[in-house]
Structures are given as structure tokens and as C-alpha cells.
Amino acid sequence: MSLELVAVAVPVPLYKTFDYLVPSRLRGRLQAGMRVKVPFGRRHLVGIALEAPREAGMDTDGYRHVEELLDEEALLTREVLGLARWAADYYRHPPGEVAWALLPGNLRRGQPARLPEDPGLQLTRSGAAALGELPSRKKALRSLLQALGPGPQPRSALPRGPALATALESGWVEPVPATALPFALAETPPELTPEQGAALAMLQEAAGFDVALLQGVTGSGKTELYLRRVAEVLERGGQALVLAPEIGLTPQLVARLQQRFGEGVAAFHSGMTDTERTKSWLRARSGAARVVVGTRSAVFLPFARLELIVIDEEHDPSYKQQEGFRYSARDVAVLRAQRLGIPLILGSATPALESLHNARTGRYRRIELAARVGRGAPPQVRALDLRGQLLQHGLSTPLLDKVQQHLDAGGQALLFINRRGYAPMLVCHDCGWIAPCTHCDARMTLHRGRRRLICHHCGMQQPTPSSCPSCGCKNLQPVGEGTERIEDALRNRFPMVRTERFDSDRLTKKGELEQLLAGIHNGDIRILVGTQILAKGHDFPGLSLVGIVSADQALYGADFRAVERMGQLVTQVAGRAGRSAGIQGDVAPPAEVLLQTHEPEHPALQQLMQGGYPALAELLLAEREATGLPPYSHLALLRAESTDAGLPLRFLAAARELLEPHAEGVMLSDPVPALMEKRGGFTRAQLLMQSGSRAALQKLLAACVTRLDGLPEARKVRWSVDVDPADLF
Ligand code: ADP
Ligand code: ZN
Ligand code: ZN
């Protein structure tokens, strides 16, 4: 008998898979997608069989044997294995680590996987025949078979007892997955508005693979349309995946889906325990979970029968993983939908420029929801010119007056600033010393509540000095504003009302956000100060004033996406305002959104204020086209860092020489220091690859990335490739 080899993905940072011999006792049992234990060097690792075993040639010297088979059924489907293979290739990441990313922790450690019992039963052909011949004294058995006569039923709806065991043993009934059971809504959905109805009809035109970009302001009823499309899929026995950008947004989506669909809705995100994640994972695999709501990594769940993917807030940068396996869940979802031939819905009030571009070129269909359900349009953003204004902790008098006015009229105010802490700098007023991070090219942020200086780039902390380390004077002053400072200023100015801060420093305990949100809803909290935590998902009916403390930093941000992000955030925050009546049944004053700036005539702000996000997007797309930036070109970034200051640039120079001969149709930048050259004690540099053709860029990466480790300069350098980078830092 000839020998068999199997290709195994092993969790090591190497750009290849490894072949192992299949021992004769495992022949015929080992399939693609099963976990195996294999020897690796002196270790024993859990790996994943990527393919079915194949005939080995004559020369099998040097191969080692698979030691153990950990699964009886393939855990990973062929479809997911194919997706992982594509992603490993496209993002140039070691295939073993990619395969690893597909499994929850328990399963990675080799724990047994118990797929949940099929929740349904149906009559087999012999069961149907038996029904007619059963003697009438076999009452229990008869009524069981009769109950199944019309079609599959959930076990929970059937009589329990020995009759069931008999029926199963005799082969009269058989288990069926959840997807085979009849499906009923748990609540009656609301009647769609005419606009929603038209949009749904357009969504329903999708046949096979289709990407619909559903663009609608917050509150325009996008989620209701997701639910309608999910229902159609569940009725057919399919499964659906709904992605949300962050953990905090999943509970409300899960709740809404459960209300509509009952059991069979599962969550999957990193805020869950390993055991909970594994349970959801296995339920997706078996079909018991009919809908999964998850964050980024859920895009790789091994669904039994996936028929729809929805990505809410598709523009959100958190869909792109920023370290290790740097995939974009949105882009992987597009590919997955394409390979499966199923529809994908991308929903957002402020689509990414990439997605808008794809809609323009006809790759995606853009479907618009212009009105909010039952309410007026969101208020227009107006600029508040800061020039010549007296500022108190970054807040101008006109803005403070507005807050007063809205409070008097029974409204609520939200002040948005995307920076945590008290102040981004602590400066000596006598000698000009500025508290630096000794590990980064950055300033320390002052956190007054905690009496500490914290570096937001590397996490370094130290107690706030009481005197200047440089000149010894006591004249240290905070410069600039963060959420803490704005909160303080508003508490002092409006001591009679409750002001609360919403940022990741404040919200550390589980359930805290929910408690505060309740306080907003019942009108207890009148002023909200917060970061982008407040920009997403939550509904504030009594909110009438939104103040953007500053947009100026983004206008001159070094990253080419800074203005796009600013426009998205401002629009999202603005969308929180004026969603309905005021607090406690009062009528809220008409909603206003004010943006403080030193440059109200900046073209980007002008577009945003006059035409909203769509107009800003137009302007930015034209700019990107003129400068040849994405979506009009494709980027990959080679980053390098080392504690040896000169090494990253030397490594990149060598890398550039290696890349150069293969860089047909790809522009290679010179190696340059990163924008923040020193971070966390490492000196950082980067090399940008840019091309009008994705294929040309991929060809270059395919030819070179695996050889970079062979460069002599690679030894003391940490390097990584980022394909379609979200930022260029
Ligand atoms: P979006 O996802 O665009 O923010 P939602 O679908 O959450 O919008 O809708 C906003 C609010 O309006 C929700 O409270 C939702 O329950 C309600 N809603 C949506 N569609 C309808 C409808 N056709 N009839 C009544 N209420 C609706
Ligand atoms: Zn000093
Ligand atoms: Zn630092």
C-alpha cells in the first residue's frame, strides 16, 4: 500500500504549510478541515489539515507522522479553508497563522469540539410506511410519528419518552438541522415606509452575488431593512451574518434580532469568554445559529449555509485589523459573498470613499434612504468661527451660550471631542519644557483624575510632576483639551445639571454604558461629553444640541484619510441630534449642530456644511483622483522597526533592491522614517508600494515577501506588510 501525505497549517510565522505522513490507522478518516496533532521541531502542535490526504511519491524520507486526529467531523468547511487560503495570499500572512485565526481559543488548544445536537426531527420514508402499519396499542409511538407527518419539527415540540428512542433506533425518524425547521417570526414587523419599501424591492433584485451599498442617515430605517432580508433567508433555511464595528454595538443588534427571530441568534466577539465564543462558533458550524451578530473576526465563521452578509457602518476603520494578520473584514466579506454567490449589504450614513467609488463604477449598487423614519432631516452642520473669540478651556462664548439656551428650552447637549484625558500637553510656562514620552516621539497626555501623565502611543505612565523637571519652577500648565477638561469646564459652568463623560477611561466596568445611556433617556443627564463612543449606534431622543469642539486637527492631519474620517465622525455625531421629541415628553428645541473652527472657509468644511457628507465625499474623491491615492490606486506598506536606530532604514533599502526588479507597474517610495519615528522604544521606518493595478501589486508581493526574511538586515528587525493599509503611520 502506498503512503499518504497531508498538508497541515501549523501556527508558526512561516510562509508555508507542512506535509506529514498519514499513519495507517488514520487512513480514510482524515479529511480537510480536521485538527491534527503534529510534531514540530521538538514541540507538538495542533494544526489543521488543509486538504484531503494525497498519494505520496516514492521518496518519503524526512517526513514525520501525524500523531493524533482530534476531530471526527471536519470543523472547517472547504469554503472557509478556501477563504483563508485566499486571505493568506492576498494579505501576505503566514497560512498557519491565518488558519489559526479561524478557530476560537478552546479549539486552538485542541479541546474536543462537540457540535450541538441537531435540534429538529423528521419522518424517514420507512417511518411514513410504519405509521400505517403500527398496531393501535403503540399509542406514544403513533402520536410521535403523526406529529411529524406534516414535516420536520423541533425536538422541543415533540413528546419525550421511550417512543422517541425506539423511533430513532428503528430508523423511522432522523435528526435534521435547525435550518430544515419551519420558521416563524417572533414579532410582527412594522409596515415599511414607502421609501423603505422601494429600497427593499431594490435589495430583492439581487440574484446571486450582489453588493448593495445602502446609504441612509442614522434613523432612516436601514436596520429594519436588514431584518427583512434576514427573514427571507431564514425562511429558506439559510443563515445570515451581521457584522458590527465594535463590541459595544452588538448587544443592541442581538436584542433587536432576537425580538424579531427568537432563538437561533448568536453573538460572536472578543468581549465574550472563550467558552461562549466556542459555543457560538460551533452553532454557526452546525446551523443551530441561524443569525450571527459579530465583530470583524466573525467574517471567518464556518457557516453551514451562509446566504446573506450584512455589514453595518461599513466605513468604520475597525473593520481593518491593525496588527498581525492585517485583513479588512469588509473586503474579505465581499470576496466571501462572491465565492458563495450570495448578496452582501453594506450599510452606512457615511460610506467609505472606496465603497462610493465602487458604486460609481458599477461594481456595487447604491441604494439610498434619504428620510428619517417619522422625523425630519438631521440638522445641518454650522461653523462657529473661533477667530478672535475668547476661549474657556477650548469652548467659545457663543457655544457656551448655546448650551445654556438648549438647557433652558428642555433639550440636551452633546459636546464631541475625539481625545481622552485632560490635556494633550503639560507645558512649563517659565522655560517651555513639555512633558515628553521617553519611548516615543510624542507628548504625554495629562490625565488629571488619575494624576498621571500617560502616553497614548505606548501606554507609558508616570505621576504628574509637581514642579518643572527642567527649571524647577511650579508653573506647569495644561495646554489643549481632552474630554476630562471639557467635562470639568461644563460642570463648573452648569453646576445645576448633570454632566457625564463618555470615553474608554470612564467606561471601564461592564454595564456602565447601559446605565449612563438610561440616564440620558430619562433626562437625568443633560450634558454629554464624549469621544466617538457617542458617535455610533445609540439613539438619543432628547438631544437637541451637538457641539464639535474642534475639527481643525483633522484638516491638517498627516494621514490622507484624516478629512474623510472627520467628515464621517461629524456626520455620525450630528445624526444623534433631533431624532424625536424632547425629554419627558416636552418638545425639544429645534436641533442644531455647531462646529468650532479657526478656518470656516476651508473647502472641506464648506462642502460638509452645505451639502453634507455626500458633497464632502465628492470633493475628496476628486482630490484622491488628482493625487492618485486610493480608491484610484492600491497601496501596500512595508513597515520595519528595531531598537537599533539605523537598522530599519537599512533593512528597507535592502528590501527595495529586492523589490525593484519585480516592481513592474508599481511605484516604490524611498525608505523613509515613519511619521512618528520613535514609538514604544522602537525606531520605525516604512516603504510605500503604490500601483494603479491591484494585480501588479499582488504580483510584486507574491514574488518578494517570502524572501524578505532572507535578507541579512532582517535579523534584528521586526517587519510587516500591510496590504490596503488603513493609515500610513
Ligand atoms: P437605522 O438603522 O438607519 O439607524 P433603524 O432601522 O434603526 O434605522 O430605524 C430607526 C428607528 O425607526 C428604530 O427605532 C426603528 O424601530 C424605527 N423604524 C424603522 N422602520 C420603521 C417603520 N417602517 N415603521 C415604524 N418604525 C420604524
Ligand atoms: Zn520649566
Ligand atoms: Zn510613548
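A polar contact is a pair of N or O atoms within 3.5 Å; within protein, one must be able to donate a hydrogen and the other to accept it, and residues adjacent in sequence count only if both atoms are side-chain atoms. By that rule, the side chain of arginine 576 reaches the backbone oxygen of alanine 535 at 2.9 Å. The model is predicted: local features need pLDDT of at least 70, side-chain atom pairs count only at pLDDT 80 or more, and totals for chains, interfaces and linings use all residues. Residues are numbered from 1 along each chain as its sequence is written, chains are lettered from A and ligands numbered from 1 in the order in which they are written, and side-chain values use heavy atoms, with hydrogens and water left out.

**Arginine 576**
- Arginine 576 sits in the loop between helix H17 (562-574) and strand E29 (592-597); helices (H or I, at least four residues) and strands (E, at least two) are DSSP runs, numbered from the N terminus.
- Its side chain also reaches the backbone oxygen of glutamine 572, at 3.3 Å.
- Arginine 576 is buried but has no salt bridge. Buried means under 20% relative accessible area, exposed over 50%, partly exposed in between (1.4 Å probe, protein chains only). A salt bridge is a side-chain nitrogen of Lys or Arg within 4 Å of a carboxyl oxygen of Asp or Glu.
- Glutamate 313 is the nearest side chain of opposite charge, 5.0 Å away; Lys and Arg count as positive and Asp and Glu as negative, while His and the chain ends are not counted.

**Zinc ion (ligand 3)**
- Cys437, Cys440, Cys455 and Cys458 coordinate the zinc ion (ligand 3) through their SG atoms, at 2.2 to 2.3 Å. Donors are N, O and S atoms within 2.8 Å of the metal (3.2 Å for Na, K and Ca); water is not among the atoms, so sites may look incomplete.
- The donor residues follow the spacing C-x2-C-x14-C-x2-C.
- Cysteine 440 lies in the loop between strands E21 (425-428) and E22 (445-447), and cysteine 458 in the loop between strands E23 (452-454) and E24 (461-463), so the pair ties together parts 18 residues apart in sequence.
- Cysteine 440 is buried at 4% relative accessible area, whereas cysteine 458 is partly exposed at 31%.

**Ligand 1**
- Glycine 219 places a polar backbone atom 2.7 Å from an oxygen atom of ligand 1.
- Threonine 223 has a polar side-chain atom 2.5 Å from an oxygen atom of ligand 1.
- For glutamate 224, a polar backbone atom is 3.0 Å from an oxygen atom of ligand 1.
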